[in-house]
Amino acid sequence: MNKEELLSRLKVIVSNYTQNKEALDSINEDTDFLKDLKINSANLVDVVLDVEEEFGIEIDNLSMEKMLNVRAAIEIIETKLHEAGRE
Amino acid sequence: MANRVVVTGLGIVAPNGLGIPMFREAIKNGRSGIKHHSQLQELLFSCQIAGRPELSAELISTCFTDLELRNFNSEGILYGVIAGMEAWKHAGLSLERKEDPDWDSGTVFGTGTSGMEKFREAIYKIDELQVRKLGSSVVMQTMASGVSAYLGGKLGLGNQVSTNSSACTTGAESVLMAFERIQSGKAKRMLAGSTSDGGPYIWAGFDAMKVCTYKHNETPEKGSRPMSLSASGFVPACGAGALLLESLDSAVERGATIYAEVLGGHLNSGGQRGTGTMTAPNSKAVQNCISTALKNTGLHADQIDVINGHLTATMMDSTEISNWCTALGRSGDNFPYINALKGMTGHGLSASGSMECVASVLQVAEDFLFPNINCEDLHPDIAAQIDPQKIPLQYQSHPIEYLAKASFGFGDVNACIIFKKYRS
């Protein structure tokens, strides 16, 4: 799965939680979930659960803490897919 | 000097009326909101009838965003927020989002439980070892103060934001707590109200206690029969009521419409002494609550025109009448008019007091008495104490200067509020 595809699938997930539609339209690897997308911090765990369901992976607590922006999210998803032998 | 407190907005989600216009029409016409619920039948409840408001997705979306509704399953919060926001708008207050909170406005919005269905959902997940899959939505929907917290955020309230809980006294208590906060000058506006979850997981305990009627499963609209000889237990219900209380100065300054004045009242407990237990009232305490409410508001018992009772359709109804007679020193044809909303709505538990306060304020504002439905066979123990004419069976137009509203709850707790027609 290439980065563009990962990003577009991630974008669909975060679109349910963002309060900033402009930042969503220009989403890229540097986009921060809290600062740019203005996602309520409580909803970060919901984003993680949706990512798990979308990609069929399980994200451990340590990785979860790091998932604060698009770059980290993509890295974690790629790693977990790799671990599962499904990249 | 104590501030005078007035009602400038009302909101309601009742089994027989969503919103004030529909509710007003319903209570004037004696329309019941009680229906048979097949879910209760399937779950083998003795009482299979109930009063449960039916909210459309459209109405819900006027108060909640799509994001808030993701994984949302907390009925009481829905009712409370919809009623609370209606009262706020009814008072002519703005919903425009400002940067700073409104330091002068707060809420005391009560409930008995919060998000019972959400809690059940969570328990199943936890027991299936899926705790990490709960997501973020459980705490705010199941914390008791969920309803006031949601309202606080939507309205930008910057004063006290709290939830009270005192069983079936909750709604009346919230009004008195909000009243005191404005009277003492600590807030200018308080949204007072209460809500209740509904459904089998709320009502089961009452069904098991055998305090609900099982004789009207085929005739739901006849099931809730306050003061009647054939009353055979209450009909469980849910919903929410809300009153925007405001200092008279603030209301006048805003040019707000004033629906009634809250003169004050009293809250007390019978301490589960004498005739009082966890589930039955100490009559001495009920009488003390009513007479202290009069004392606190500087009224003489003869000034009360109308009573809106607690009157649940159990055998305690005639005890309640006798307590009113003793406390007011009035009986026979000298007794005030009295009515019971629960005939039409059922017993909304923690929401009942606020729904009944809304009905009371409408009566005071518009000078009418709503009918006591299902009371054509008045209980002889009540007829022996007060003139049956004082229990109107039909809508009637009647000038009201002072109305006394009482609610009583498990734990042997009582509330009595005095509403007065507002005169500038």
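Mentor: Start with the C-alpha centres of domain 1 and domain 2 of chain B, which lie 22 Å apart. Domain 1 covers 5–260 and domain 2 covers 264–420, with bounds from an automatic or database domain assignment. Their contact takes 61 residues from domain 1 of chain B and 56 from domain 2 of chain B; contact here means C-beta atoms, placed from the backbone, within 7 Å.

Before zooming in, note that this is a predicted model: local features need pLDDT of at least 70, side-chain atom pairs count only at pLDDT 80 or more, and totals for chains, interfaces and linings use all residues. Residues are numbered from 1 along each chain as its sequence is written, with chains lettered from A and ligands numbered from 1 in the order in which they are written.

8 of its 8 residues are buried, so β15(B) is largely enclosed by the rest of the structure. Buried means 20 or more other C-beta atoms within 10 Å of a residue's own, with C-beta atoms placed from the backbone. B:V413, B:A415, B:I417 and B:F419 cover one face, and B:N414, B:C416, B:I418 and B:K420 the other.

As for neighbours, strands pair if DSSP finds at least two bridges between them. β9(B), residues 260–269, runs antiparallel to β15(B) over 8 bridges, and B:H266 sits opposite B:C416. β14(B), residues 402–409, is also antiparallel to β15(B), again with 8 bridges; there B:A406 partners B:C416. β14(B) and β15(B) make a hairpin with 3 residues between them, and B:G411 in the turn has a positive phi of about 95°.

Definitions and conventions:
Two residues are in contact if their C-beta atoms, placed from the backbone, lie within 7 Å. A residue is buried if 20 or more other C-beta atoms lie within 10 Å of its own, exposed if 12 or fewer, and partly exposed in between; C-beta atoms are placed from the backbone. Helices (H or I, at least four residues) and strands (E, at least two) are DSSP runs, numbered from the N terminus.
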